[in-house]
Amino acid sequence: MALGDRHVECPHANARRDPAFGVYVHWPFCRSKCPYCDFNSHVRHGGTDQGRFVRAFTAEIAATASRIPGRTVSTIFFGGGTPSLMEPATVAAILDAVANNWRVADDVEVTLEANPTSVEAERFAGYRAAGVNRVSLGVQALDDAALSALGRTHTAREALDAVAIARRIFERYSFDLIYARPGQTQAAWRAELASAISEAAEHLSLYQLTIEPETPFAALHASGKLAIPDADQARILYDVTQEVCAAAGLPAYEISNHARPGAECRHNLVYWRCHEYAGIGPGAHGRLEIEGTRRATATEKQPEAWLGLVESHGHGLVTDELLSRVEVADEYLLMGLRLTEGIDLNRFETLAGGPLATEQIAHLARHGLIETTAGGRLRVTPAGFPVLDAVVGDLAA
Ligand SMILES: C[S@@+](CC[C@H](N)C(=O)[O-])C[C@H]1O[C@@H](n2cnc3c(N)ncnc32)[C@H](O)[C@@H]1O
Ligand code: SF4
């Protein structure tokens with residue numbers, strides 16, 4: 001990215017009055033690769049040397065902390081891939097490394113993503129002992145035929161058993177479902193969602209199936225062998241999702257995330273509110289605030305290449321860019337409007353160095369897609385969320 005004279009020191013997003021700071025740790029391995037997924041996840045039949053990864057994670061945490069010392073960590077998130085393939089001792093060692101380099105808040109949220117198989121559920125008590133206090137389970141569907149079509153290696157029963165174990169062991173848990181699946185009817189989704197809600201405590205992530213380029217699903221879709229709901233059908237399923245979840249006390253707080261008020265995933269809020277976060281591990285992204293500027297970082301994606309970089313350089317960074325004022329403000333718009341709370345127009349103006357286009361706001365508001373609040377926030381309306389990308393595109397233009 002050419003910064004040139006477009007870059008000016010900008011009042012960074014994470015002003016010290018709001019100290020949310022998150023640490024993301026990426027575990028890039030899965031037992032098998034799901035045909036719809038384009039996450040940075042790899043299968044290693046020969047196993048992984050977890051001790052070597054611990055040393056590398058520890059080194060990268062120390063290298064990051066030397067750039068942004070003195071922070072208080074409010075959230076930690078083990079994402080993947082499948083972090084529930086990590087040994088509890090691996091998780092404990094990484095949490096120790098975080099605590100050895102930064103202060104950790106007393107009420108820190110520590111989430112670990114888990115696949116809901118019985119083998120992984122057996123490790124939950126170990127994660128709890130290591131310091132994890134929230135799990136997010138990839139249930140995906142509560143129907144065995146749908147699970148098999150998604151290439152999942154667990155049954156609905158096994159997933160619900162894992163949810164029950166999570167409920168017993170952790171203070172907080174959430175699970176993910178994928179909807180708008182091939183052949184899914186409105187009635188079937190209503191019933192599945194109702195049973196998911198009866199199993200959920202405080203939080204659900206509900207994602208519409210996306211055909212990601214270069215996945216097996218993309219090839220099947222392109223050859224006509226995989227038909228997914230069209231835009232109108234998907235819209236109906238989206239509307240059902242909003243209606244059923246809101247009626248059950250789990251309204252959307254973000255386009256795909258639902259929670260009882262106060263039970264939102266605090267780590268993901270760090271991203272959507274554009275606060276500061278460190279990205280640790282292969283293919284992890286970070287946003288660091290250094291000397292009044294905001295930097296975008298990314299590490300090498302390929303796990304063994306990342307290990308090699310960390311072992312030779314002390315970190316696996318391949319991108320470390322100063323963001324311009326316009327980029328920081330655009331990111332705030334793009335991320336913040338995913339949240340039902342929207343964005344603070346004053347903060348946008350401070351970041352951008354000027355107000356958001358008033359004509360565009362008026363135009364989209366006339367169409368009922370956005371609204372401004374008495375408190376000076378701009379937010380997307382329920383009618384605007386299904387066309388969020390277009391709304392953001394219009395505002396950012
Ligand atoms: C990193 S994965 C979650 C953890 C774990 N690996 C698992 O699959 O159980 C994050 C979530 O993204 C969602 N996801 C991944 N690919 C998707 C796609 N193509 N369309 C919709 N949701 C997707 C799934 O719900 C998945 O649980
Ligand atoms: S959905 Fe989860 S288990 Fe499946 S490949 Fe992606 S990260 Fe791995």
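Me: Where does glutamine 140 lie?
Reply: Glutamine 140 sits in strand E4, which covers residues 134-140. Keep in mind that this is a predicted model.

Me: Is glutamine 140 buried or exposed?
Reply: Buried, because its relative accessibility is 8%, and the cut-off for buried is under 20%.

Me: What about phi of glutamine 140?
Reply: Phi is near 70 degrees there. That is a positive value in a residue other than glycine.

Me: Where is glycine 81 found?
Reply: In the loop between strand E2 (72-80) and helix H2 (88-101).

Me: Zooming out. How many helices and strands does the protein have?
Reply: The secondary structure comes to 15 helices and 15 strands.

Me: What radius of gyration does the protein have, and what would a compact globule have?
Reply: The protein has 21 Å. A compact globule of 397 residues would have a value near 21 Å, so the two agree.

Me: What box do the C-alpha atoms fill?
Reply: Roughly 55 × 55 × 45 Å, taken along the principal axes.

Me: How much of the protein counts as buried?
Reply: 51% of the 397 residues.

Me: And what is the accessible surface?
Reply: About 16,900 Å² for the protein. Carbon and sulfur atoms hold 53% of that.

Me: What share of the contacts comes from residues 24 or more positions apart?
Reply: 70%, counting contacts in the protein with a separation of 6 or more.

Me: On to charges. How many positive and negative ones are there?
Reply: 36 positive and 49 negative. Their mean positions are 2 Å apart.

Me: How many salt bridges does a search of the whole structure find?
Reply: The search finds 21. One of them pairs the side chains of glutamate 304 and arginine 44, at 2.8 Å from N to O.

Me: Where do glutamate 304 and arginine 44 lie?
Reply: They link distant parts of the chain, 260 residues apart. Glutamate 304 is in helix H11 (residues 303-313). Arginine 44 is in the loop between strand E1 (21-27) and helix H1 (50-67).

Me: How accessible are glutamate 304 and arginine 44?
Reply: Glutamate 304 is partly exposed at 34% relative accessibility. Arginine 44 is partly exposed too, with a relative accessible area of 28%.

Me: What does glutamate 192 meet in a salt bridge?
Reply: Arginine 181, at 2.8 Å from N to O.

Me: Are glutamate 192 and arginine 181 buried or exposed, then?
Reply: Both are buried.

Me: How about aspartate 239 and arginine 235, what is the N to O distance?
Reply: 3.1 Å, in a salt bridge between the side chains.

Me: What separates aspartate 239 and arginine 235 in helix H9?
Reply: About one helical turn, because they are four residues apart in helix H9 (residues 231-247). Aspartate 239 is partly exposed at 34% relative accessible area. Arginine 235 is partly exposed at 35%.

Me: Which residues are linked in a network of salt bridges?
Reply: Arg67, Arg295 and Asp320.

Me: Last topic. Where is leucine 364 found, and is leucine 364 buried or exposed?
Reply: Leucine 364 is in helix H14 (residues 358-366). The residue counts as buried, at 4% relative accessibility.

Me: What does leucine 364 touch?
Reply: Leu369, Ile370, Val391, Asp394 and Leu395, leaving out residues up to four places away in sequence.

Me: How far is leucine 364 from arginine 172?
Reply: Their C-alpha atoms are separated by 38 Å. Along the chain, the two are 192 residues apart.

Technical notes:
Residues numbered from 1 in each chain as written. Chains lettered and ligands numbered in written order. Predicted model: local features only at pLDDT ≥ 70, side-chain atom pairs only at ≥ 80, totals over all residues. Heavy atoms only, no water. Helix = DSSP H or I, 4+ residues; strand = E, 2+ residues; numbered from the N terminus. Rg over C-alpha atoms; globule rule 2.2 N^0.38 Å. Buried < 20%, exposed > 50% of the residue type's maximum accessible area, 1.4 Å probe, protein only. Contact = heavy atoms within 4.5 Å. Areas by Shrake-Rupley, 256 points an atom, 1.4 Å probe, with all protein chains shown as cover. Lys, Arg positive; Asp, Glu negative; His and termini not counted. Charge placed at Lys NZ, Arg CZ, Asp CG, Glu CD. Salt bridge = Lys/Arg side-chain N within 4 Å of Asp/Glu carboxyl O.
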